[in-house]
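The following questions and answers examine how two parts of one chain meet. Please consult the sequence and the structure while reading.

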Amino acid sequence: MFVILGDDGILFSLKMSNFFQIIKKEKIAPNGFLFRIKAPEVALHAKPGQFFVLRVNERGERIPLTLVRWNRRSGTIDFAFQVIGKTTHLLSKLKEGDFLKDVLGPLGRPSEIKYYGTVALLAGGFGAAAMLPIANALKEAGNNLVTILGARSKDYLILEKELRRLSSKIYVMTDDGSYGIKGFVKDGLEMASREYDIAHAYVIGPAIMMKFTVAACQELGIPNTVSLNPIMVDATGMCGSCRVNVGGKTYFACVDGPEFDGSQVDWNLLLNRLSAYLNEEKHSYELFLKKKGVLPRGKEKKA
Amino acid sequence: MAKKKRPERQKDKSIPFKERISTFKEVPLGFTVRQALLEAERCLECKRPRCIEGCPVSVPIKDFIQLIKKKEYLKAAEKIKEKNALPAVCGRVCPQEDQCEKVCLLAKVDKPVAIGKLERFAADYEAKKLKEPKKPDVKKVSPRRNIKIAIIGSGPAGLTCAADLALMGYRVTIFESLHEPGGVLTYGIPEFRLPKRIVRREVNYIKSLGVELKLNHAIGATLQLDELFERGYEAIFIGVGAGLPQLLNIPGENAVGIYTANEYLTRVNLMKAYLFPGYDTPIKIGQNVVVIGGGNVALDAARTALRLGARSVTIAYRRTENEMPARIEEIEHAREEGIIFRFLISPVEFLADDNNVLTAIKFQLMELSEPDESGRRKPVPVPGKFETLPADLAITAIGTKANPLITKTIPGLKLNSKGYIEADEFGRTSREGVFAGGDIVTGAATVISAMGAGKNAAQAIQEYILKKYQIKQKI
């Protein structure tokens, strides 16, 4: 094994750059996990707003996930995910010490971090994970941060403590009112806008949440940035699976994004494209669960 | 002198038709030993073999065919590999009719020697007989041990450049962004034209020459080019291809059910979506599939759609069959398989339902103009004439362009107006120590021309290193 000197004097082993070992696994929600994995090259080059692609095994699909934290010294990256299908199910079954098959990153354009004044961070569900590095960078750039964090219920809230630490005020919203204020992120935004002069908003979460939150921003006249999550394959600009329509023009979210001006995004098209493979995904997941004995045999629907 | 009658040009068999259109098995079976011997017999053994001049990588065609004649099949394979590290690939996907076989002297009086099929035969024979492919005996010229060279992209250009440099004695590392090596050979060309086990075998051979392969490394994202110099690579070859798909820029283009050929083929070939749900990447199975374009990629996409179970597959091309850039053999194959060809129509709009799912494509009817000064007949719209074809799946195969992911991240690298890297015929770019070749320089072309560019660049890199170390070249 040979060792090289990184650009800022950090020693790490390049030979290991193709072994993506899981260092830490943490359950952070009923269906969600936070992983820390070895990926020294990604950690060395990561910037806020960027993502990476992983493959669980030899037959696996490539899925994009946002970078949550990274440590150049230890060569690790953190990411969070929810179990929503076969790939994330397989991922959730891996243990500390196991390896991921492939990791490629960092990808996408980094966030354009600058001083706005007061910035509202509007995070829905696991969007909070993607928001964290952006929040850190915005804070460092001198912005005053007001965070509105939304989730289904108390158990599904993630990274509240971390975001609270960075924010001068945090509004926690739950759909069922089991914690914080009952309501959606957009309701929290209305409250916050009465108290603060919000210069800019970052909106990250499920597409449907972003659609409605951006509409609320527009009503309040708040310019906003969103981080889009379309289906990707190679995620390097090669295939066009992730095309989105922004301001009437077609962009590839993987290389032109993932961040765009939310007010210009064609949300319905994004939602339609996100559900393009719902039947196939459902079929594949049910087949898998049936094989595993989780679902009774013969009960799955045909795709 | 008694004149021996020359055998007819041999034709290899194909797999049974039914199996052919419902599976991804390779269509042509290749020569049997008997056929190879008969075909080799046809070679005139010209004093000045034009076929070799017609080959972008100068495969010693005459010599290897002679070896086949002598039944020295393994030596024939070894001979090819002196110049060509990917013989089984080239034997399958090269447009021989435009290269070696076009200039074969025999073509003047008879059909040319089936050089491509013979190349495939030698490579496949070796693979069948030997577990470990033999390395050709080439003199090492690297001035010192451990001179590190980086190759970006593991497609035909990068693999060829890497193999040549490794044979010269350099320490070569290939950086590949995807999780599998091979570039277009892996993600682009379908299994039924180029089985992936063949690509893997040839990549393994190149690795056996001492080439290191780093997958999941997108230069320009994972690492910047200049970091490679900082890490001790003394020269860099960029062979990243032209990976960005062109779009039609017409209304409705982002509807569900419209794929770029790149996405469609990547899902099927690289991600093995044709084995879904055995593999996890899904693909839409169309009932009425329309492929837009007239090149080899359009044909690959159409034939793939057919194999996935489409009821009808139509190729829509805005010129006529005469202008189709696809290989004649591929057009024939597609016709045999039942693919419908529609000429002189050009899409103007994709129509979709309320959920943005594709339902039909509106086409403008075209005609060819009178030849212009260059003699070319351009397709021009027939005013007011439109036709709508029902389609639940459309694939656009209208070409690719340079992916700015790498070119835009290299300071000081000169690009041309189309965004391709400016390089001379030996791949020398505006940056010292940076070489480039293949589609990223020329725009989309063929596997073999990219290999030729990789080969030339390997030569130029060697000259550059020798000069850098001020060592007089003595070969």
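Q: What area is buried between domain 1 of chain B and domain 2 of chain B?
A: This is a predicted model. The size of an interface is often expressed as the accessible area lost when the parts come together. Carbon and sulfur atoms give 73% of the area buried between these two domains of chain B, and the total is about 2,000 Å².

Q: Which residues of domain 1 of chain B lose the most area to domain 2 of chain B?
A: The contact takes 22 residues from domain 2 of chain B and 23 residues from domain 1 of chain B. On the side of domain 1, three residues together account for 27% of what that side buries, and they are B:A85, B:L86 and B:V93.

Q: Which residue forms a salt bridge with B:D124?
A: Across the interface of domain 1 and domain 2 of chain B, the rule finds 1 salt bridge. A salt bridge requires a side-chain nitrogen of Lys or Arg within 4 Å of a carboxyl oxygen of Asp or Glu. For B:D124, the closest N and O atoms are 3.4 Å apart, and the partner is B:R201.

Q: Which element gives the most residues to the side of domain 1 of chain B that touches domain 2 of chain B?
A: The elements that give two or more residues to this side are α7 (115-129) and α6 (87-93) of chain B. With 6 residues, the element that gives the most is α6(B).

Q: How many nonpolar residues does the side of domain 1 of chain B that touches domain 2 of chain B have?
A: Sorted by class, this side has 6 charged and 2 polar residues. The number of nonpolar residues there is 15.

How values were computed: Residues are numbered from 1 along each chain as its sequence is written. Chains are lettered from A and ligands numbered from 1 in the order in which they are written. This is a predicted model: local features need pLDDT of at least 70, side-chain atom pairs count only at pLDDT 80 or more; totals for chains, interfaces and linings use all residues. Side-chain values use heavy atoms; hydrogens and water are left out. Contact means heavy atoms within 4.5 Å. Buried area is the accessible area (1.4 Å probe) that two parts lose on being put together, summed over both. Helices (H or I, at least four residues) and strands (E, at least two) are DSSP runs, numbered from the N terminus. Ala, Val, Leu, Ile, Met, Phe, Trp, Tyr, Cys and Pro count as nonpolar, Asp, Glu, Lys and Arg as charged, and the others, Gly among them, as polar.
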